Amino acid sequence: MKPTRVFATVAAACAVLFAIPALTHAPAHSYSTGAPPGFSGPEQYCNACHGGPTNEVNSGPGSVTIDAPDAYMPGETVTVTVTVDNTAGGSLQGFEFSARDGDLEHVGTLEVDGTTVQYAQGDPVWVTHTADSNTDTAWTFEWVAPETDPPAEVTFYAAGNAGNGNGFPDEGDEIYADEHVIALQVVSNEPGAGPLSFRLDAPFPNPVRATATARYALDRPAEVSARLLDSRGRVVRVVEQGPRGAGAHTLRVDAAGLPAGAYFLSLSTPEGTQVQSVSVVR
């Protein structure tokens, strides 16, 4: 990934991993508030302050990785771990994290302990390291999915600085970033009802360029609504609608003309909804 160009005034304001006394060139700023808000990606990364755009993201031999589940339920608390592999020769590292929907709007709630992780300058949509944890290599915190209108897909973004230990935000600091997609999994049922009386299989081929097929089965006749949703949960295709009899059925999912990306095939009956992911490629 290539960093977004930022102005020098932004870089001058950035906070970095640790502080040292003033020398002949600008020292690193105070680390007490961790990284400043806005540098987890995808717009900007830590190289806005550490070495500038010439220090390209993920150009070094180390890494930043996000460990989290691949799926979530509305209102679920999800544990997230961000790890920095520091090969720059120093013992200090830090990170910043955010959770965004398909329009890059922040989504869900981030929960921190205030000891090893904190909100970036108090802004609760960004998580960063603390002064007491910048010698750690991994940080764990929680993301709480929204209860209402959860996106069909959320992307976790993390960027990190693997410091070289010289006390300055220079070219020797290696900057890394990672992304992790977590998809909404909806399998609902009416209160007090028995197990869902239908099944939706994964579509094939998947990824799809033009048309995919998905099989489903009903244990008993039901009113069916099958829709293709984009990453924000918006309907982009009505695949099937109406009463269907018991037994096996086939859905034809038309992806022609859709932009490449992640989509979701949703099948609903009066008993609930099942969802399968669909990836469209071009």
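**View 1. Strand 10 is mostly covered, with eight of its 11 residues buried.** Here buried means under 20% relative accessible area, exposed means over 50%, and partly exposed lies in between (1.4 Å probe, protein chains only). The model is predicted, so local features need pLDDT of at least 70 and side-chain atom pairs count only at pLDDT 80 or more, while totals for chains, interfaces and linings use all residues. Residues are numbered from 1 along each chain as its sequence is written, and side-chain values use heavy atoms, with hydrogens and water left out. Strands (E, at least two residues) and helices (H or I, at least four) are DSSP runs numbered from the N terminus. Two strands pair if DSSP finds at least two bridges between them. Strand 9 and strand 10 run antiparallel and are joined by 10 bridges; A162 has E174 in strand 10 as its bridge partner. Strand 2 (residues 71–72) pairs with strand 10 in the parallel sense, over two bridges, and A71 stands opposite A183 of strand 10.

**View 2. T155 has its place in strand 9.** Is T155 buried or exposed? Its relative accessibility is 12%, so T155 counts as buried. Contact means heavy atoms within 4.5 Å. Leaving out residues up to four places away in sequence, T155 touches S98, A99 and R100, and also E179, H180 and V181.

**View 3. The largest nonpolar core has 26 residues.** A nonpolar core is a set of buried Ala, Val, Leu, Ile, Met, Phe, Trp, Tyr and Cys residues joined through side-chain atoms within 4.5 Å. Which residues have the most contacts inside this core? They are V80, F97, F141, W143 and F156. At least two core residues come from each of strand 1, strand 3 (77–85), strand 4, strand 8 (138–144), strand 9 (153–162) and strand 10 (174–184). A second, separate core has 20 residues, among them Y216, L228, L267 and V278.

**View 4. The surroundings of V80 include F97, F141, W143 and F156.** Apart from neighbours within four places in sequence, V80 is also in contact with I66, D67, A68, W139 and T140.

**View 5. R100 and E43 form a salt bridge, with their closest N and O atoms 2.6 Å apart.** A salt bridge is a side-chain nitrogen of Lys or Arg within 4 Å of a carboxyl oxygen of Asp or Glu. R100 lies in strand 4 (residues 93–100), whereas E43 belongs to the loop between helix 1 (8–13) and strand 1 (63–67), so the pair ties together parts that are 57 residues apart in sequence. R100 is buried, at a relative accessible area of 3%, whereas E43 is partly exposed, at 31%.

**View 6. Salt bridges also join D201 to R199 and E240 to R244.** A search of the whole structure finds three salt bridges. Between the side chains of D201 and R199, the N to O distance is 2.9 Å. D201 is partly exposed, with a relative accessible area of 27%, and R199 counts as partly exposed at 45%. For E240 and R244, the N to O distance is 3.0 Å. E240 counts as buried at 14% relative accessibility, while R244 counts as partly exposed at 25%.

**View 7. Four strands form an open sheet in the order 14-13-16-17.** The pairing in this sheet is antiparallel. Strand 14 (235–244) and strand 17 (272–280) stand at the edges with a single partner strand each, so one side of each is left without a neighbour in the sheet. On average, neighbouring strands of the sheet are turned by 15 degrees against each other, direction ignored; the axes behind this angle are lines fitted to C-alpha atoms, for helices over the stretch in contact, and angles run from 0 to 180 degrees between N-to-C directions. Strand 16 (residues 261–269) and strand 17 run antiparallel and are joined by nine bridges. G261 stands opposite V280 in strand 17.

**View 8. The whole protein has one helix and 17 strands.** Of its 282 residues, 46% count as buried. Among the contacts in the protein with a separation of 6 or more, 67% are between residues 24 or more positions apart. The accessible surface comes to about 12700 Å², and 52% of it belongs to carbon and sulfur atoms. Accessible areas come from the Shrake-Rupley method with a 1.4 Å probe; for residues, only the protein chains shown count as cover.
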